[in-house]
Amino acid sequence: MIRLLNESDYPRVCEIWESAVRATHDFLSEEDFLHYKEALPSYFPHVRLAGWEEDGLLLGFIGTSADNIEELFVHNDARGKGIGKALLLHAVNDLHIHKVDVNEQNGQAVGFYQHMGYQVVSRDDLDPEGKPYPILHLEWKKA
């Protein structure tokens, strides 16, 4: 079930983020991982957060802005069960959001978005914080 998230969900959202990033972002230095982990809660008030919950346990979340998916993470123990796809389709079909930015070095995420109908439209050499993690800008092109 997808539901809107609030401040009381933030600790679990951070746990999901850490589990997912540890499993998929092996290109991050430990120093940068800790930097992003510390900064993560400051992003939440600036996005619309929705999460996938099963049996009272939050397993994944998506953060969206006006026209962009800002974050989509699924707990590593729940990957491969369609949760990411459901959250993505929620953004596309219900919120009409068709853009996403993804770390180029996160091959699993790039492959997931391309499989779901996204195409790369541009690339930045650095992430928004000026770190050497190239960002791909993708748009949903599925008919």
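Predicted model: local features only at pLDDT ≥ 70, side-chain atom pairs only at ≥ 80, totals over all residues.
## Helix α3

Helix α3 comprises 12 residues, 83–94.

Within α3, the buried residues are Ile83, Gly84, Leu87, Leu88, His90, Ala91 and Val92. After the helix comes His96, which has a positive phi near 60 degrees.

## Nonpolar cores

The largest nonpolar core contains 23 residues, and Ile69, Leu72, Tyr113 and Tyr118 have the most contacts inside it. At least two residues of this core come from each of β2 (48–54), β3 (57–64), β4 (69–74), α3, β5 (99–103), α4 (107–115) and β7 (135–140). The element that gives the most is α3, with 5 residues. In soluble globular proteins, nonpolar side chains tend to be buried together.

Apart from neighbours within four places in sequence, Tyr118 is in contact with Leu88 and Val92, among others. Its partners also include Ile69, Ile97, His98, Lys99, Val100 and Tyr113, as well as Leu138, Glu139 and Trp140.

## Strands β3 and β4

A hairpin of 4 residues joins β3 to β4. The two strands pair in the antiparallel sense, over 5 bridges, and Gly60 stands opposite Val74 in β4.

Strand β4 is mostly covered, with 5 of its 6 residues buried.

Notes:
Residues numbered from 1 in each chain as written. Heavy atoms only, no water. Expected span 1.5 Å × (residues − 1). Buried < 20%, exposed > 50% of the residue type's maximum accessible area, 1.4 Å probe, protein only. Core = buried A, V, L, I, M, F, W, Y, C linked by side-chain atoms within 4.5 Å. Contact = heavy atoms within 4.5 Å. Pairing = 2+ DSSP bridges.
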